[in-house]
Amino acid sequence: MAAGHKPLSDLLDEMALKILMIEPGDLSIVGELLDLIEKLLPGQAAADTPMVIQRMAAAFKGALEKFIMGELADSAENYDFLGQCITEMQESARKEGRPGEKILEQFCENMKKIGFSLQPSALLGANDAASAGMDKAGEAALGEDACAVASPQIDSIQAQAPAAEALPDFLQDTDLLAGFIEEAFEHLESIEVNVLELEQSPDDQDIINNIFRPFHTIKGVSGFLNLKTINRLAHATENLLDDVRNGKRSMDSAVIDIVLTVGDALKSMVENIKDVLQNGPANYKDTDISGFLANITQLQEGGGEAPSVEPVSAPVADSPPEIFEPEEAEPLASEEEAESVAAPSRPTPPTRAAQVAAAPRAELPAGPAARPSADSAQKKIGASIKVDVEKLDALVNAVGELVIMQSLVRQNKLVSRIADAKLTKDFSQLTRITSELQRTAMSMRMVPIKQTFDKMIRLVRDLSKKSGKKVDLIMEGADTEIDRNMVESIYDPLVHMMRNSVDHGISPPAEREKVGKPETGTVFLRAYQKGGSMMIEIEDDGEGLNTQKIRKKAIERGLVSESDNLSDFELNNLIFLPGFSTADKITDVSGRGVGMDVVKKAVEKLRGKVDVQSQPGKGSLFTIRLPLTLAIIDGIIVRVGTERYIIPTIAIQESMRPDRTNYSTVHGRGENLLVRGELVPIIRLYEIFGVESTNTDPCEAIVVVVENEGRRRALMVDELLGKEEVVIKNLGGLDVPGVAGGTILGDGRVGLILDLAGVIANKTD
Amino acid sequence: MEAVNVAQNLGQGAELAGKYLTFSLGNEGYGVGILSVREIIGVMEITAVPHTPSYIRGVINLRGKVIPVLDLRLKFSMNHKEYDERTCIIVVEVQGQTAPVQVGMVVDSVSEVLNIAAGEIEPPPSLGSSSETENILGMAKAKGEVKILLDVDKVVGEGILQQLAS
């Protein structure tokens, strides 16, 4: 019955990752969090989810809804508390739903800090506490003043009031609408990427055109589809950009900010349309765009001048001309927006413009007025089509089979007896074609990591503006290719680590100057291939980790003992342990009460490794090592009796026929081999896999010395058959300890790929 | 699941009527619903997988896809029989935990596809222990023979999917 439900711990882990990523003002992640938490609610959760956790989830959901309604302050602090609530839920899950009272009290305490009162007893008993909370969340009509008081850094919730007006008539042609949504997302994505590129080369007319065009398209199509609000916003922005194209004004930071915020707003509006399409018109939300419109008009009227800016220390300035306060916007709002203004409506990033002053390189020189033809600009974007992943997999499978069949035909006894030069030539031609085909098919899964890296530019830009730090992001090797299945999974951990580097690694400019560093900090983001691995490095020139603090903390938590003599490297890497993620913080290391262990888990899921090197005062270097693709593994094929197994090459240290003088036993059982002065336990593969072996004497067989998680073992096999890159396939539902998967070998049969961790654990048991 | 089956059985097989692929194990005739059958292939070399129940013979390469194969004789605790040229693997598709999975079932020989009417189906006999009969949807009398109609989801589900869960 558990089908379709993710395990509880996975869900909570996912939530922990999400909460790390929340930036004040970024409600989309709160939404994602809401989706996750709903899977834990009473009635929807997996049957084995403890009631306590379901009740906690219900309370949590109530709090989240308050965030969305703008009733609770959208501040980093509050998200920290939410993070701790998740930690407490994780803790409860670990205790199998019987958390001590202390945990529940902490949970309620944290909830209270956010402004969501809750009694511990409610979590244990009747579950109406949660529903009561939700009711409260429903009464959204808090005055704006109250909100302003509640959160000094009201940054940017976009509380969208439900539309009281009759539903817009855009729902008539749902097919067209679905197409538009898809298209619009792509356009918006390209706008963002291009804008960020523009920051690097502000004079580039091509890029300006590339930004202009999608707005134009969105405007056109949305007008056609009767999406009035989107149309008007896109139209206004297009006008502004047109001025830029015609040289009427320069592409300065104010324009860039507008374009970015409008892009965000459009994205959430399109998101909402999608929601309406899927879940019915009741979900329609009207978005207040008057603030944006006012802002754009203001910019246009101001001509080429940059708008006035406010110092960063006062994010919510009293009244910069382009402030997005709803009450100011009201006079401008048309009837369709009037309704929404009644509710606390705070459109997306209002203060971005105000923070421009603090950002490095934000002022951009005016672009030249020349307008190159649209064609030349278009060429830069490589043509591509979207393909269903399943089709791609089917193709890769089919090509793999083709290669195998080809070699089977070739090895056919009758065929191989034909001594015909033409046939031999044709065969080698065929081989060339099939291997080319295979290479291409494989490379279709690979995409440059650029896509993911590009999102980091935006992240660092926003982070540095918000924190008032000056940070340069230098990216190298963005063209490095990575398995497309990994792209999404690597994004979250990467974001967390980048945040970590900017938030905790880099100090504010003043402090940096004090210690004699340039006031602009640098974060390097590198990707490159090394051997069969993809390496991603995140390096900052910040403070580095406080190794002594980590040690103290580790001893407190009982992770290491006072007498343990650990190197700095070992100590620093303790931050990846789960124990470090809970409760109180080490200021310069951890973030939200949930921590680096989530990163580590995410990376390990991809069969990767992560570690950190740090020099106090000089900076830290986080290194992620990932396999190039999840689909292929480099392995040595070994024979044991009649069976063949594949051992991952990465784990193999050496292989040999043991000398009898090096062989020893303990109590006649535990077998060991002396390899280069170190005793290595022998594992007889045929024994643990229960197959017949040719050799039962290790000194007549071959041993392969492997290393896994610091443990070395000598695997006894009959023969080494060769080295091959094999495609990993799952065993169609079988899950076997010691076996990582299967693969199709050259003769068409299935070979099993060893999972060394499993093999070693199996033996140890 | 249970409840549905009971209801079906009480309904004297009205729900069960339809086309069945029949095959034999020893002297007994069996049938599986044609809708869950993907294909029938000759027996091929099977790669043994360690640490699995004995009736799971291992895995095969089905055109680039690795699928598990179980031996129905062993599954039903019948004597093992050497595979010959009449031995077949019936590939069926059942709902796995997340996606449909294909599983091969080794049988002595495949007979034919029969159209079995509701009136020909009777509920499974009670043979004392329920574990023997819970794989069985019903008994069909067709062409003067008795065919045991198997619940593929149960047979394979028990064999493979629970293994996955453990």
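Two residues are taken to be in contact if their C-beta atoms, placed from the backbone, lie within 7 Å. The model described here is predicted.

Chain A contains 28 helices and 18 strands. Of its 765 residues, 42% are buried.

One helix pair in chain A was examined in detail. Helix 21 covers residues 450-467 of chain A, and helix 22 covers residues 484-505 of chain A. Their axes come within 10 Å and cross at roughly 30°. Angles under 35 degrees count as roughly parallel. Helix 21 and helix 22 of chain A are therefore roughly parallel to each other. The crossing of helix 21 of chain A past helix 22 of chain A is right-handed.

Both helices contribute a series of residues to this contact. From helix 21 of chain A come A:Gln451, A:Thr452, A:Met456, A:Leu459, A:Val460, A:Leu463, A:Ser464 and A:Ser467. They meet A:Val487, A:Ile490, A:Tyr491, A:Leu494, A:Val495, A:Met498, A:Arg499, A:Val502 and A:Asp503 of helix 22 of chain A. By class, the residues of this helix-helix contact divide into 11 nonpolar, 4 polar and 2 charged.

Chain A also touches chain B. The contact takes 27 residues from chain A and 25 residues from chain B. On the side of chain A, the elements that give two or more residues are helix 18 (389-411), strand 17 (739-744) and strand 18 (750-754). Helix 18 of chain A provides the largest share of that side, with 4 residues. The side of chain A that touches chain B has 12 nonpolar, 10 polar and 5 charged residues.

B:Met139 is found in strand 10 of chain B, which covers residues 136-142. A residue counts as buried if 20 or more other C-beta atoms lie within 10 Å of its own, and as exposed if there are 12 or fewer. B:Met139 has 17 other C-beta atoms within 10 Å, so B:Met139 is partly exposed. Leaving aside residues up to four places away in sequence, B:Met139 touches B:Glu122, B:Pro124, B:Pro125, B:Val146 and B:Ile148. B:Leu150 is 11 residues from B:Met139 in sequence. In space, B:Met139 and B:Leu150 are 9.0 Å apart, C-alpha to C-alpha.

Key. Residues are numbered from 1 along each chain as its sequence is written. Chains are lettered from A and ligands numbered from 1 in the order in which they are written. This is a predicted model: local features need pLDDT of at least 70, side-chain atom pairs count only at pLDDT 80 or more; totals for chains, interfaces and linings use all residues. Axes are lines fitted to C-alpha atoms, for helices over the stretch in contact, and angles run from 0 to 180 degrees between N-to-C directions. Angles under 35 degrees count as roughly parallel, over 145 as roughly antiparallel, 65 to 115 as roughly perpendicular and the rest as oblique. A crossing is left-handed if the near helix is turned anticlockwise from the far one by less than a right angle, and right-handed if clockwise. Ala, Val, Leu, Ile, Met, Phe, Trp, Tyr, Cys and Pro count as nonpolar, Asp, Glu, Lys and Arg as charged, and the others, Gly among them, as polar.
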